[in-house]
Amino acid sequence: MKFNFKSIFPIQLTALLFLLVSCGSDEDSLQRIDQIMNIYVRNEAGQDLLNAKKAGSFTGYSVNDREGDKDVAPVSISLKMTTDSLFYFDYTTGAKRKILDSISPDNKTYRSRMTFTYSKKVNDQTVTESDEMEIHYRWTPNLFQVSEVFYNGVPVFSKSADQPNSINTVTIVK
């Protein structure tokens with residue numbers, strides 16, 4: 001049996017055209033993702049409450065996902081420090097996102113809800129306090145970003161869809 005290239009040529013041509021169409025790069029089709037947040041916690045006088053070495057600051061913290069599969073669903077949030085020695089929470093992802101509304105298939109709002117529990121020493125006793133954070137995300141085929149942040153029900157951050165990607169800075173005053 002003799003191999004005939006003419007009979008296989010239409011299959012090769014079809015495969016090549018499919019490959020070219022499916023591998024094409026369109027910059028407009030990429031979705032911008034903007035969900036990183038740096039969360040600073042200060043008192044009204046401006047003191048960094050995440051610096052455990054300063055009197056009156058918190059000595060420990062934990063974060064729990066209120067939308068998690070279980071009642072206790074820890075969220076991993078690392079504590080980092082700026083070059084000028086300010087501490088902040090570096091939140092990238094971790095809490096589950098639930099759909100809040102769907103205006104259309106191309107415009108949705110998601111939310112995450114977390115409980116922040118802080119501890120500190122007061123008169124040789126460990127005292128804890130808990131706060132709630134709710135994050136709203138804007139989703140379109142071209143964009144996924146943090147749009148609003150509420151802390152204990154109070155808005156502390158908002159961003160319109162036309163603002164550029166950046167690290168979102170949230171400052172909590174306790």
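Two strands are taken to pair if DSSP finds at least two bridges between them. In this predicted model, strand E9 (residues 143-151) and strand E10 (residues 154-158) are joined by four bridges and run antiparallel. One of the residues involved is Phe150, whose bridge partner in E10 is Pro155. The hairpin of E9 and E10 has two residues between the strands, and in this hairpin Asn152 adopts a positive phi near 55°.

The secondary structure of the protein amounts to one helix and eleven strands, and read from the N terminus the order of elements is α-β-β-β-β-β-β-β-β-β-β-β. The protein has 174 residues, of which 30% count as buried. Its exposed surface comes to about 11300 Å², with carbon and sulfur atoms supplying 55% of that area. Among contacts between residues at least 6 apart in sequence, 51% join residues at least 24 apart.

Gln31 and Thr140 are 109 residues apart in sequence, yet their C-alpha atoms are 8.1 Å apart in space. With neighbours within four places in sequence left aside, the contacts of Gln31 are Trp139, Thr140, Pro141, Asn142, Leu143 and Phe144.

How values were computed
Residues are numbered from 1 along each chain as its sequence is written. This is a predicted model: local features need pLDDT of at least 70, side-chain atom pairs count only at pLDDT 80 or more; totals for chains, interfaces and linings use all residues. Side-chain values use heavy atoms; hydrogens and water are left out. Contact means heavy atoms within 4.5 Å. Buried means under 20% relative accessible area, exposed over 50%, partly exposed in between (1.4 Å probe, protein chains only). Accessible areas come from the Shrake-Rupley method with a 1.4 Å probe; for residues, only the protein chains shown count as cover.
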